[in-house]
Amino acid sequence: MEINRPGVQHINDSLDALITKPIHSISKEALHRYESDYFEARCTRSKAMIEEATKVIPGGVQHNLAFNHPFPLVFTKAEGAKLHDLDGNEYYDFLQAGGPTVLGSNPPQIREKVIDLLNTCGPSTGLFHEYEFKLAQLICDLIPGVEQFRALNSGTEACMAAIRVARLATGNKHVLKMGGAYHGWSDQLAYGIRIPGSKFTQAKGVPLSAFTFTDEFFPGDLADLERKLKHKKLIGGTAAVMLEPVGPESGTRPISREFVAGAADLAKKYGALLIFDEVVTAFRISDRGASGFYGITPDLTVFGKVIAGGYPGAGGLGGRSEYMQYLAAGIAGGSKVKKALVGGTMAATPISSVAGYWTIKEISQTRAFEKANLLGDRLADGLGALVRKHALPFVAYNQGSIVHLETAGTMHFSLDWSKPWTIPQVIKATSARKAEMEHMGAAYMAEGMVTLAGSRLYVSAAYDEAMIDDALTRFDRIFAEVVSQ
């Protein structure tokens, strides 16, 4: 499989060009038509429920992924590549719960295992279950560099644990994360998220002191990473270099294998642990993760929702035994190794362990990731052809089954603090482009396609070529309504 099609440099050059051009988005007339003819006319039950929900739920929904213009929809059924809402409307599911459902939503072969578990054991006991072992063994067998695995409740928790382990293992303090990457919402990692250079600007409610030992480096820039490592060496050393191996936000700003390899070398040179955040890429890029695909083995690997097959209890940390010893549960008699403060009584429950084990086993044995990756190629190629057909500045590319359709380039901006006078301009530009990205997302939804923020589409093995081609026909209708803003 070729990753970052059609090449990292070409993609980034195209994105650079996109954000210099006028915004192209769905016309006001077409948007109004979608709002009135679809959302207002065909989603009445969703609208009514969301209006009631806002009285008891802040903003009306519990997760950022559920927001969409002009109002969130209420989904009641997920099956394979399809979703159904409260009003009975059907959609192609290109959100896939944020990426983990490589087999598609609610696969029956996994559901049967879960139902059997519920009939015999129940979802949680607080005690050890045989599938905790089976899941950990399977992950260790598949993912390079993972000799031991500790289940947690989320990717956020796994990232927090990874940092604590890195500090104990190295004796160093600082964490260098890739600018623009999202490693959960903990205080110290809510830094430099969404766009490179954003520093603390997206971290409302977090005191600046929480970032004393956190810094970011620019994606794809080894010189910047080494400058930061050199500086941190003088003031406490770097415990961890943390990155998403395909680039921040699931490859929204792609990076090359050469950069990842260079980052690994620099981490080793300066005594830091290399941490791969594979919340999205593990078992999606390949059954050996991005690390196996690239042939680059990190010291620690962060896992997310796929670990539980999309069921609750969705995160974990794996790595070499010499590092994972800092996560040993309980009281290790006679051990002089300090243990990282990590908890979570609902981690590795029987239900999450059973669902995760059979999901990962199915992905690997059936090569589901290969089918999803090929369909991702088909979708990205088709979108690229439509962009050219309609003479639009949009950028379509993919990393296997992770497909990007950048219509506004909102997340390709960066903040340059050496030129503070430019920052208000960038913030204004990203705000305007984000609004139009949401309008495009509304058009996709009205045409029966659920995406992530109107710019990212995850393909699962539940799709087939006919479904992809049907989706492309829908994109064709939308692109015909796009005008310069």
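Okay, let's start with a word I'll need: a pocket here is an open set of grid points with protein on both sides within 12 Å along at least five of seven lines. And keep in mind that this is a predicted model.

So, the second largest pocket. About 570 Å³ of space lies in there. It's lined by 27 residues, and the ones closest to its centre are Phe128, Glu132, Arg150, Ala151 and Ala348. Which elements give two or more residues to that lining? Those are helix 5, at 130-142, strand 5, at 148-152, and helix 12, at 350-366. Helix 5 makes the largest share, with five residues.

Now let's move over to helix 7. That's residues 222-233, twelve of them. From first C-alpha to last, helix 7 reaches 16 Å, close to the 16 Å you'd expect at 1.5 Å a residue. At its N-terminal end there's a cap, Asp221: one of its side-chain oxygens sits 3.1 Å from the backbone nitrogen of Ala223.

Which residues of helix 7 are buried? They're Asp224, Leu225, Leu229 and Lys232. Look down the axis of helix 7 and those buried residues fall within an arc of 135 degrees, so they line one face of the helix. On the face turned away from that buried side, you'll find Arg227 and Lys233, which are exposed.

Conventions:
Residues numbered from 1 in each chain as written. Predicted model: local features only at pLDDT ≥ 70, side-chain atom pairs only at ≥ 80, totals over all residues. Heavy atoms only, no water. Helix = DSSP H or I, 4+ residues; strand = E, 2+ residues; numbered from the N terminus. Expected span 1.5 Å × (residues − 1). Buried < 20%, exposed > 50% of the residue type's maximum accessible area, 1.4 Å probe, protein only. Arc of directions from axis to C-beta. Polar contact = N/O pair within 3.5 Å; in protein donor to acceptor, adjacent residues only side chain to side chain. 1 Å grid on protein atoms, 1.4 Å probe; cavity = no way out; pocket = protein on both sides within 12 Å on 5 of 7 lines; lining within 4 Å. Points joined across faces, edges and corners; volume = space filled by probe spheres on them.
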